[in-house]
Amino acid sequence: MTKEEIEKVVDGLIPRLPVGKEFPLEYELTMYFNSILSDIKLKNDRTNIVEDVMDFMIENEYIKYRPNDFTEILEPRGIEAKRAGGHFKYLEMLEKKVERENKQDKILDLELKLKTFESKIGKKLIVAGFIITFLSFLVSVLTVEFLKTDENKNEQKIQVENPLLNKKGEIKKDSLN
């Protein structure tokens, strides 16, 4: 039998197998072929279908190799394949799982890059904010110090230092001039 034919047989056989109980694989194959109205008689079979199916199931870890026993038992992957509905659906489920994991890895990678970018930009914004705040404070202090207005008059007083007295004197400027 070809690999594709074996896969089709395994795909139809897995949902029929019991979970947690031992089963003779040859009997289950006979029942499967009878259910699909196949003319294959396993006792007279010279194509080694039972061995091919068994090897395929062992290779895919659906059952475990037990050389001295005439019965088999489903392994965890076999149980998952049975729950998925067969060999092909199990393979599809694995592909989707791998795709989801790849997408999650990409998303986590992008989130990490975004966080590092945000932390770098955040630090720069905080430093820039402090600088702007400090400069605003200096401008407001200097404005208050050098440009005092008389509240009673609409005149600005410009403070000028008198070099002889070393004192600040006030020169009144008329706001109209």
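Buried means under 20% relative accessible area, exposed over 50%, and partly exposed in between (1.4 Å probe, protein chains only). This is a predicted model, in which local features need pLDDT of at least 70, side-chain atom pairs count only at pLDDT 80 or more, and totals for chains, interfaces and linings use all residues. Residues are numbered from 1 along each chain as its sequence is written, and side-chain values use heavy atoms, with hydrogens and water left out.

Q: Which exposed residues does the face of H4 turned away from its buried side carry?
A: Helices are DSSP runs (H or I, at least four residues), numbered from the N terminus. In H4 (residues 76-84), Gly78, Ile79 and Ala81 are buried. These buried residues fall within an arc of 160° seen down the axis, so they line one face of H4, the arc being that of the directions from the helix axis to the C-beta atoms. The face turned away from them carries Pro76 and Arg83.

Q: Which helix do the buried residues of H4 pack against?
A: Contact means heavy atoms within 4.5 Å. By that criterion, the buried residues of H4 pack against helix H5 (87-146).

Q: At roughly what angle do the axes of H1 and H5 cross?
A: Axes are lines fitted to C-alpha atoms, for helices over the stretch in contact, and angles run from 0 to 180 degrees between N-to-C directions. Glu7, Lys8, Val10 and Asp11 in H1 meet His87, Phe88 and Lys89 in H5. The axes of H1 and H5 come within 7 Å and cross at roughly 95°.

Key: Helices (H or I, at least four residues) and strands (E, at least two) are DSSP runs, numbered from the N terminus.
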